[in-house]
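This report walks through one structure, part by part. Look at the sequence and the model first, then read on.

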Amino acid sequence: NKIILLDKRPVGKVSLNDFKFLQSEIPQPKEGEILLKTLYVSVDPYLRGRMNDSKSYVPPFQLNEPIQSGIVAKVVKTNNAAFKEGDIVSGSLKWQEYQVSAGTGLNKIESDGNSLTAYLGILGMTGLTAYCGLLEIGKPKAGETLVISGAAGAVGSVVGQIGKLLGCRVVGIAGTDEKVEMLKSEFHFDAAINYKTTPDLKKAIQDACPDGVDIYFDNVGAEISDAVLVNINKFARIPVCGAISLYNGDTSSNGLRISSVLVTKSALMQGFIVSNYADKFPAAIKQLTAWVKEGKLISSETIEEGFDHIPQAFIDLFDGKNKGKMIVDCTN
Ligand code: NDP
């Protein structure tokens, strides 16, 4: 039974040396407990913040303790009447091949024809973040222009598709030509920009948004946000979902230097954590599931193979190696 622990608190960019692998016996469930086998592991940018020893909305990981993230697992033994052998569950679980749980906080998955990985992505935290952040703060109206940073990632690619379904002009910003192409051809974005090769991002956004920017869904922060914000319209809304460009502690480019534009444009910029909208989740999941079923919403995923690859898959998020949701398949 392999376990992945946090060995060192990363300084700057995370490296494989910050993790440690351990072998242990497969634990046995006590009365009221279940034994879970890990099937699919979600790696997420916010885990970087939990590797620092600092207070946030979730407590930091402890050194020499397993990392934890969204996981889909199978019940392989049960001493808890609420679960039967073979049940599939999702929840915040440890990076272990096998683990025991009392079952609290786990959701049973009735797959209903969806792939199990969807519950870590489009029908899980990713989809909920996109849906709630866009609808509750972005408040999109048909005909408005929506710009998304981190557009080809897990959350960004869903935000853009929902924006199109609601009748917006959608413009994405991403880090490779391949991603730019994917946004336009697969997700039908109206325009997409490669921030790594575009010399004048402000101008490129201006050109792609002839009517200005009404909603800016920000996953990235710093210079990319500066370039979008000079292009916002009066009464623009800016859901601040994340700031991945700053998670490794690079404060050299610590935006926003452009906040006066919020005043001149009477714009609303609001950070959020998806759990703020827990009361909206049932309706959101119903809508997301319907869109997926109708083929209106495409789930984009990058699947890495094997439990041993979890740390590398996490590190790869910061090098933009994923398209859509990054997931590690531990079924073999
Ligand atoms: P993604 O699938 O978007 O993966 C991360 C992507 O970010 C990479 O593929 C990369 O794409 C881009 N990226 C990495 N480093 C940089 C950089 N320095 N500058 C610009 N882009 C960069 O991850 P998620 O969809 O899971 O998360 C997206 C954002 O949403 C994150 O900031 C995350 O923390 C946040 N989030 C917030 C939640 C909330 O409740 N508020 C919940 C879930 C996520 P590229 O090739 O384009 O550079």
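## Around the ligand

Helices α2 and α3 each supply at least two residues of the shell around the ligand. Helices here are DSSP runs of H or I with at least four residues, strands are runs of E with at least two, and both are numbered from the N terminus. Helix α3 gives the most, with three residues. The shell holds 30 residues, and G153, A154, G175, G242 and G320 come nearest. A residue counts as near a molecule if its C-beta atom, placed from the backbone, lies within 6 Å of it.

By class, the shell has 17 nonpolar, 11 polar and two charged residues. Nonpolar means Ala, Val, Leu, Ile, Met, Phe, Trp, Tyr, Cys or Pro; charged means Asp, Glu, Lys or Arg; the others, Gly among them, are polar.

## Basis of the model

The model is predicted: local features need pLDDT of at least 70, side-chain atom pairs count only at pLDDT 80 or more, and totals for chains, interfaces and linings use all residues. Residues are numbered from 1 along each chain as its sequence is written.

## The sheet and its helices

Six strands form an open sheet in the order β10-β9-β8-β11-β12-β13, with parallel pairing. Two strands pair if DSSP finds at least two bridges between them. The edges are β10 (191–194) and β13 (268–271), each pairing on one side only. Neighbouring strands are turned by 15° against each other on average, direction ignored.

Strand β9 (residues 169–174) runs parallel to β10, and four bridges join them. In one of these strands, β10, A191 is the bridge partner of V171. Helix α3 (residues 154–165) packs on the sheet, touching β8 (145–149), β9 and β11 (213–217). Contact means C-beta atoms, placed from the backbone, within 7 Å. The direction of α3 makes about 165° with that of β9. Angles run from 0 to 180 degrees between N-to-C directions, and axes are lines fitted to C-alpha atoms, for helices over the stretch in contact. Helix α5 (residues 201–208) lies across β8, β9 and β10, at about 170° to β10.

## Where two helices cross

The axes of α2 (residues 125–138) and α8 (residues 281–293) come within 10 Å and cross at roughly 105°. The two helices are therefore roughly perpendicular, a term for angles of 65 to 115 degrees. Helix α2 brings G127, L128, Y131 and C132 to the contact, and α8 brings F281, A284 and L288. Six of these residues are nonpolar, one is polar and none is charged.

Definitions and conventions: Angles under 35 degrees count as roughly parallel, over 145 as roughly antiparallel, 65 to 115 as roughly perpendicular and the rest as oblique. Two residues are in contact if their C-beta atoms, placed from the backbone, lie within 7 Å.
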